[in-house]
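Dear colleague,

I am handing over the structure below, together with notes on what a reading of its atoms turned up. Please look through it with the text beside you.

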Amino acid sequence: MMPPPMPRFTPAQAGAEAKPWDDGEGGEGAFAGKSFSDKAVRNAFIRKVYLILTAQLLVTLAFVAFFLFHQPTKYWVQRNQWFYWCSYGTFLVTYIALVCCPSVRRKWPGNFICLLVFTLAFSYMTATISSFYSTNIVLIALGITAAVCTAISLFAIQTRIDFTMCSGLIFALSMVLFFFGIACIIVYSVWGPNYILRCVYGAVAALVFSL
């Protein structure tokens with residue numbers, strides 16, 4: 001039985017492009033008259049987005065862990081792929097609503113309700129796909145990323161240091177991740193799976209994702 005296709009990770013998982021100065025009604029709230037070049041605005045934005053993203057990743061991590069280690073659930077989702085396609089449809093509808101409808105993503109509480117539905121649908125799809133493979137790399141990557149998001153959120157809350165200007169590192173680390181993945185494929189084909197390489201690859205992927 002072939003696993004269903006993997007959904008592409010989207011910007012909606014990170015808060016659907018919400019502006020840090022939105023007050024929930026499409027206004028500017030406490031950041032009225034301030035631009036994103038203001039360090040305080042950027043730190044507030046980082047704090048908001050990363051805390052939301054950390055919560056989403058923890059939900060996804062819980063789904064994946066449960067589907068991997070609870071055998072009855074693992075067998076059920078593999079034999080009932082119609083539920084996966086239902087969640088896929090829910091994922092697409094909520095994603096389109098968050099991206100294309102400013103009235104949905106900028107008004108409370110509808111934006112959080114829509115984001116919650118999106119997260120649950122995405123988590124179910126990720127966990128279903130993970131259940132087809134006998135590997136812990138998904139848990140490793142998700143766990144590391146959730147921990148990094150939590151740490152960055154706490155750092156953004158407590159510090160005045162501006163660390164948003166990291167665009168130059170993204171390309172370099174993306175290339176490192178790409179070629180490291182090729183090296184892992186070669187190692188796996190010659191010497192078999194390597195648990196240490198899996199951990200390192202998951203950590204590098206989490207770093208690139210965080211940037």
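Read from the N terminus, the elements of the chain follow the order α-α-α-α-α-α-α-α, which amounts to eight helices and zero strands. Please bear in mind throughout that this is a predicted model. Of the 211 residues in the chain, 39% are buried, and the accessible surface comes to about 11900 Å², with 72% of that area belonging to carbon and sulfur atoms. Among the contacts with a separation of 6 or more, 78% are made by residues 24 or more positions apart.

The aromatic residues deserve a paragraph of their own. Searching the whole structure gives 16 aromatic pairs. One of them joins Trp82 and Phe83, whose ring centres are 5.3 Å apart and whose planes meet at 85 degrees, so this pair is edge-to-face, the angle being over the 60 degrees that the term requires. Phe83 also pairs with Tyr124, again edge-to-face, at 5.0 Å from centre to centre and with 70 degrees between the planes. This second pair links distant parts of the chain, since Phe83 belongs to helix H3 (residues 81-100) and Tyr124 to helix H5 (residues 110-130), 41 residues apart.

The side chain of Thr94 reaches the backbone oxygen of Phe91 at 3.0 Å. If residues up to four places away in sequence are set aside, Thr94 touches Cys114, Val117 and Phe118.

Which residues make the nonpolar surface patch of about 910 Å²? The patch is made by Phe171, Met175, Phe178, Phe179, Ile182, Ile186, Val190 and Trp191. Of these, Val190 is placed in helix H7 (residues 167-191), and it counts as exposed because its relative accessibility of 53% is over the 50% that the term asks for.

Finally, the loop between H7 and helix H8 (195-210) contains Pro193. Is Pro193 buried or exposed? With a relative accessibility of 63%, Pro193 counts as exposed, because that value is also over 50%. Leaving out its neighbours within four places in sequence, Pro193 is in contact with Tyr188 and Arg198.

Definitions and conventions: Residues are numbered from 1 along each chain as its sequence is written. This is a predicted model: local features need pLDDT of at least 70, side-chain atom pairs count only at pLDDT 80 or more; totals for chains, interfaces and linings use all residues. Side-chain values use heavy atoms; hydrogens and water are left out. Rings of Phe, Tyr and Trp (its six-membered ring) pair if their centres lie within 6.5 Å; planes under 30 degrees apart count as stacked, over 60 as edge-to-face and the rest as tilted. Helices (H or I, at least four residues) and strands (E, at least two) are DSSP runs, numbered from the N terminus. Patches are made of residues with over 30% relative accessible area and no salt bridge: like charges are joined within 9 Å, nonpolar side chains (Val, Leu, Ile, Met, Phe, Trp, Tyr) within 5 Å. Accessible areas come from the Shrake-Rupley method with a 1.4 Å probe; for residues, only the protein chains shown count as cover. A salt bridge is a side-chain nitrogen of Lys or Arg within 4 Å of a carboxyl oxygen of Asp or Glu. Buried means under 20% relative accessible area, exposed over 50%, partly exposed in between (1.4 Å probe, protein chains only). A polar contact is a pair of N or O atoms within 3.5 Å; within protein, one must be able to donate a hydrogen and the other to accept it, and residues adjacent in sequence count only if both atoms are side-chain atoms. Contact means heavy atoms within 4.5 Å.
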